[in-house]
Amino acid sequence: MIPSILPTYTRAPLSFVKGEGSWLVEADGRRFLDMGAGIAVNALGHAHPALVEALTRQAETLWHVSNLYNIPAQQDLADRLVAATFADTAFFTNSGTESCELAVKMARKHFHEAGQPDRVEILTFSGAFHGRSTAGISAAGSEKMTKGFGPMLPGFVHLPFGDHEAMRAAVTERTAAILIEPIQGEGGIRPLPDVCLKGLRELCDEHGLLLILDEVQCGMGRTGRLFAHEWAGITPDIMMIAKGIGGGFPLGAVLATERAAAGMTAGTHGSTYGGNPLGCAVGSKVMEIVADPGFLAEVSRKAGLLRQKLEGVVAAHPDVFESVRGEGLMLGVVCRAPNADVVKAGFAEEMLTVPAAENVVRLLPPLTIGDDEIAEAAARLDRAAARVRADAA
Ligand SMILES: *Cc1c(COP(=O)(O)O)cnc(C)c1O
């Protein structure tokens, strides 16, 4: 008999009932060190007092009004995002994949308005993840996500990750945009080198294409800059965000330049809940905290510490681990043992990590993680590796 929850997830036998900072409390009372943070969602950890305050204050005042009216909380968040980024304008969604939907629509509409309605193709890359909507899975194009779901949304050209020649060859008069994650998350923490991101920007400029960045996972301070592309010294035309911006409240956005967004006039797009007062009140508080240069500098410092400790653990277990990769607090441990075994051994050590493609175990802790918790994470990973070895023997 089908379970009462549609069985689309493979779930670990853990039920968390409370969260505090970098820790999650299981129903049986055990405390787990949360090095996954809801897959980069709980950017400020669990139950951050400033976010609890922002949410409860808004909850006591006003939950929902339609986008038929002005929403001051939404205006505040939009102003903050525009002030802190390349963007001139923002549209609010409730998730990453909804941001993908709009990014695709916006890029196509841009060329339609520019009198080039045949320019609809978007170049995407193997290992990409842009969410589970039809546009999202069509963009990523992997068999795992698309098989059995009927005709995909046309107009995506799937290219091998890192193949510059293939990409140049794929640009035609029908190409509208390039869509890419500066650091692939689900794809196994694969950073796009800064020179490649610069090269993509140049390619887009050369051919008049729009550069769409998916910073749903790597954005919002995770790399030590507010957005990952800042390291490369370039800006996109359109950017998808979600996950960390809501700190655990469902919230996403598409940020864009005025030029890229030119086709999105009144009536062309909408969302009932997108930009609701609750989400925006939380998002503004997250922005206030994360966009602070002092906070971002701390993320970079802690990232250095975590990386150094992970390198030590990896070196101590060459039979289990191969290497560490990633940027900031978005790190991947490439495993020699099956990554699922490492994640499971982590559970036994009361620590949460997240598997990714390419046999990687992801570490995406809250950006607020403490130095002592970083040391604790390394110690638990070390013990988890010993468990994996013992189980294999
Ligand atoms: C999680 C993720 C998405 C999808 O976000 P949802 O909120 O699950 O729809 C899209 N892109 C990237 C890079 C992601 O990590």
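How far from an oxygen atom of the ligand does a polar side-chain atom of Gln 217 lie? The distance is 2.7 Å. This report starts at the ligand and then turns to the sheets. The model is a predicted one.

**The ligand and its shell**

The residues around the ligand come from several stretches of the sequence. Ser 95, Gly 96 and Thr 97 are among them.

| Residue | Polar atom in the residue | Distance to a ligand oxygen atom |
|---|---|---|
| Thr 97 | backbone | 2.8 Å |
| Gln 217 | side chain | 2.7 Å |
| Lys 243 | side chain | 2.6 Å |

Thr 97 uses a backbone atom. Gln 217 uses a side-chain atom, and Lys 243 also uses a side-chain atom. How much of the ligand does the protein bury? Taken alone, the ligand exposes 380 Å², and the protein buries 83% of that.

Strand 11 (residues 238–241) and strand 12 (residues 252–256) run antiparallel. Four bridges join them. Met 239 stands opposite Leu 255 of strand 12.

Another open sheet has four strands, in the order 13-14-17-16. Here the pairing is antiparallel. Strand 13 (321–327) and strand 16 (354–356) are the edge strands, and each pairs on one side only. Neighbouring strands of this sheet are turned by 30 degrees against each other on average, with direction ignored.

Strand 14 (residues 330–335) pairs with strand 17 (residues 360–363). The sense is antiparallel, and there are four bridges. Val 333 faces a residue of its own kind: Val 361 in strand 17 stands opposite.

**A hairpin**

Strand 1 (residues 16–20) and strand 2 (residues 23–26) pair over four bridges in the antiparallel sense. Gly 19 has Leu 24 in strand 2 as its bridge partner. How many residues separate the two strands of this hairpin? There are two residues between strand 1 and strand 2. Gly 21 sits in the turn, with a positive phi of about 60 degrees.

**Salt bridges**

The count of salt bridges comes to 24. One of them joins the side chains of Glu 288 and Arg 80, at 3.9 Å from N to O. Which helices hold these two residues? Glu 288 is in helix 9 (residues 277–290), and Arg 80 is in helix 3 (residues 72–84). The two residues are 208 residues apart, and the pair links distant parts of the chain.

Notes: Residues are numbered from 1 along each chain as its sequence is written. This is a predicted model: local features need pLDDT of at least 70, side-chain atom pairs count only at pLDDT 80 or more; totals for chains, interfaces and linings use all residues. Side-chain values use heavy atoms; hydrogens and water are left out. Two strands pair if DSSP finds at least two bridges between them. Axes are lines fitted to C-alpha atoms, for helices over the stretch in contact, and angles run from 0 to 180 degrees between N-to-C directions. A residue is near a molecule or strand if one of its heavy atoms lies within 4 Å of it. A polar contact is a pair of N or O atoms within 3.5 Å; within protein, one must be able to donate a hydrogen and the other to accept it, and residues adjacent in sequence count only if both atoms are side-chain atoms. Accessible areas come from the Shrake-Rupley method with a 1.4 Å probe; for residues, only the protein chains shown count as cover. A salt bridge is a side-chain nitrogen of Lys or Arg within 4 Å of a carboxyl oxygen of Asp or Glu.
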